[in-house]
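This report describes how two parts of one protein chain meet. The sequence and model come first, then the contact between the parts.

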Amino acid sequence: YWPPQYVIMKGDTLEPLRVESTRGVTVDTQDYHPEPRVAAIVASHFKPEFVVNIKETGKILLVNYKDLNALTTTEIGGARFLHDGGWDSTKRYFLVAANQSNKIAVVDAKEGKLTALVDVGHIPHPGRGANFVHPKFGPVWATGHLGEESVSLIGTDPKKHKQYAWKVAQVLKGQGGGSLFIKTHPKSRNLWVDTPLNPDPKINQSVAVFDIDHLDAGYAALPIA
């Protein structure tokens, strides 16, 4: 988070090779921010690039490190305040939460551009999110929320399920607000949603588990703490 910069390092020794400041103006009001934090960094699967999410400015940087003496950066306007996120199932699209804007920014890492800003619930917090194949909507990516009980499922297949792509295809009712992470597994037909920041001990000490094939049936709460 601090200082407001990111560092490109040598992979085998972690020797710092290039230090870049994140100071700049916000995407919406164009106000200068002196200390915008780096919220998340992921590596592209298509190019020698890092996807760098700048929290307070709402900017997504595609940093091409092929030539460190001629560093190339593509600046994409997302929304404030960027936080965590993860790849869709194809590893082409990066979905990142702009939690105070109640949006998910979708970045096409192959084309190097913003694909969509998707309106979701109050304060999304996906961790890396969860990818699975929905019985009706096809491939989706899911996020829980800090500020409400909903779980948003966003369509991620613009080829075979174009009508649902980059939209909230379905909203599930979870246990409550305070969710930090949501997970599944390619060999599992369950979706797990935690709520550790919910004020109710029964909720923050349990996990909601959905059956992916019967999402409308609701969840089973598993006490784990």
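Buried area is the accessible area (1.4 Å probe) that two parts lose on being put together, summed over both. By that definition, domain 1 and domain 2 bury about 1400 Å² between them, 67% of it on carbon and sulfur atoms. On the domain 1 side, Asp-84, Leu-95 and Val-118 lose the most area to domain 2, together 27% of what that side buries.

The model is predicted: local features need pLDDT of at least 70, side-chain atom pairs count only at pLDDT 80 or more, and totals for chains, interfaces and linings use all residues. Residues are numbered from 1 along each chain as its sequence is written, and side-chain values use heavy atoms, with hydrogens and water left out.

Domain 1 covers 1–119 and domain 2 covers 123–224; the bounds come from an automatic or database domain assignment. Their centres, taken over C-alpha atoms, are 24 Å apart. With contact meaning heavy atoms within 4.5 Å, the residues involved are as follows.

| Domain | Residues in the contact |
|---|---|
| Domain 1 | 21 residues |
| Domain 2 | 16 residues |

Strands are DSSP runs (E, at least two residues), numbered from the N terminus. Those giving two or more residues to the domain 1 side that touches domain 2 are β9 (82–87), β10 (93–98), β11 (103–108) and β12 (113–119). The largest share, 5 residues, comes from β9.

Notes
Helix = DSSP H or I, 4+ residues; strand = E, 2+ residues; numbered from the N terminus.
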